[in-house]
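Q: Before we go through the labels attached to this model, could you show the sequence and the structure together?

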Amino acid sequence: MGRYYQIKEKLEECKKESLRNRKVKYVAVVSWEEFEKDQELFDMVFDIEMERERLPVTKIQVNYDSLTGSFCIPSRVDPDAEGHNFSFAIDERGIVFINDEGSAQANIERIMGKMRWKTPSLERFIYDFLEGIVIGDLMELEKYEQEMERMEDRVIKNDLDGIMERLVDIRSELLDLKAHYEQLIDVSQELEENEHHFFDTKNLRFFRLFTERAERLLNFVISLKEHSMQVRDLYHYQMEVNRNRHMEFLTILSSIFMPLTLITSWFGMNFKYMYELEERWAYPTVMGVCVLIVVTTVIILKRKKWF
């Protein structure tokens with residue numbers, strides 16, 4: 001069932017027939033079926049048919065006497081889940097949201113509950129609606145920053161379990177957010193362009209304000225991407241340090257046991273005239289020499305600070 005509103009001091013719900021009053025700007029939230037049925041009521045002309053399928057993109061396009069487009073808002077609960085998608089159409093009289101799932105309606109109800117305007121206007125409503133799309137995003141981005149700081153601390157402590165897997169997920173989510181803010185900026189700039197002169201010139205500042213906010217969020221996302229690269233480099237550095245430590249350990253073992261290998265190889269040749277084999281104290285003597293070699297090698301390596 002469609003919902004209809006007039007933009008007054010507050011957003012006031014009204015009947016569908018009230019939209020015929022051209023002196024008051026309106027907002028409508030309808031399904032695709034209702035939108036197609038009430039084309040005459042909205043009185044908008046489109047150069048091409050609006051895209052009914054749910055496209056994962058936020059965009060705007062200019063028609064003969066209207067602006068149409070779609071929003072795709074990433075899920076804040078589960079970044080891997082499908083975003084909230086809905087379409088819209090704008091002319092000088094108002095804005096229509098074509099939304100079957102209810103995400104646009106939730107944003108409008110937030111505006112109804114919190115917003116009062118001294119100078120009501122379609123431009124101010126659109127600004128508040130766009131603000132509702134990014135509300136709370138700064139706190140969500142700060143969570144990414146705090147998580148990557150914790151990841152850095154773990155890497156420094158050589159706790160690498162699961163770090164790279166989560167880092168890959170974060171980079172993917174940040175790429176999606178980067179595209180989201182870039183698309184919102186494109187929409188806001190197209191609105192500010194005001195090609196059809198739907199909007200009052202003095203109110204175009206609202207779109208400029210939103211563009212600046214979206215650009216700040218975009219810059220934050222870009223800095224988070226750079227931070228993720230730093231964490232990735234730190235991870236690879238720590239992995240290389242660990243490999244070097246393993247190689248160092250193997251080198252020390254080789255240095256210690258190489259002389260012993262030489263001795264055992266020497267006495268394993270079994271030539272006929274090896275007089276040491278006939279000596280009673282030959283075996284304990286060789287054992288003592290081996291222990292002396294191990295102790296001496298360890299002392300030398302410690303003095304050279306190999307371990």
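**Labels and the values behind them**

A: Helix 5 (137-156) and helix 6 (163-193) each supply at least two residues of the lining of the largest pocket, helices being DSSP runs of H or I of at least four residues and strands runs of E of at least two, numbered from the N terminus. This is a predicted model, in which local features need pLDDT of at least 70 and side-chain atom pairs count only at pLDDT 80 or more, while totals for chains, interfaces and linings use all residues. Residues are numbered from 1 along each chain as its sequence is written, and side-chain values use heavy atoms, with hydrogens and water left out.

Q: What is the mean pLDDT of the protein chain?
A: On the predictor's scale of confidence in each residue, which runs from 0 to 100, the mean for the protein chain is 86, and 94% of its residues reach 70 or more.

Q: What makes a space a pocket, and what makes it a cavity?
A: On a 1 Å grid over the protein atoms alone, a cavity is a set of points where a 1.4 Å probe fits but cannot get out, whereas a pocket is an open set with protein on both sides within 12 Å along at least five of seven lines; lining residues have an atom within 4 Å of a point. The largest pocket has a volume of about 500 Å³, a volume being the space filled by probe spheres set on the points, which are joined across faces, edges and corners. Its lining has 25 residues, of which Pro74, Ser75, Pro79, Asp176 and Leu177 lie nearest the centre, and helix 6 gives the largest share, 8 residues.

Q: Which residues line the second largest cavity?
A: The second largest cavity, of about 50 Å³, is lined by Phe71, Phe88, Ile90, Ile95, Phe97, Ile126, Phe129, Leu130, Val187 and Leu191. Helix 4 gives the most to this lining, with 3 residues. By class there are 10 nonpolar, no polar and no charged residues, where Ala, Val, Leu, Ile, Met, Phe, Trp, Tyr, Cys and Pro count as nonpolar, Asp, Glu, Lys and Arg as charged, and the others, Gly among them, as polar.

Q: Why is the contact between Arg213 and Glu131 called a salt bridge?
A: The term requires a side-chain nitrogen of Lys or Arg within 4 Å of a carboxyl oxygen of Asp or Glu, and the closest N and O atoms of Arg213 and Glu131 are 2.3 Å apart. Arg213 lies in helix 7 (residues 205-267) and Glu131 in helix 4, so the pair ties together parts that are 82 residues apart in sequence. Arg213, at 25% relative accessible area, is partly exposed.

Q: Where do Glu240 and Arg243 lie?
A: Both residues are in helix 7, 3 residues apart, about one turn of the helix, and their side chains meet in a salt bridge (2.8 Å, N to O). Glu240 is partly exposed, with a relative accessible area of 36%, and Arg243 also counts as partly exposed, at 42%.

Terms used: Buried means under 20% relative accessible area, exposed over 50%, partly exposed in between (1.4 Å probe, protein chains only).
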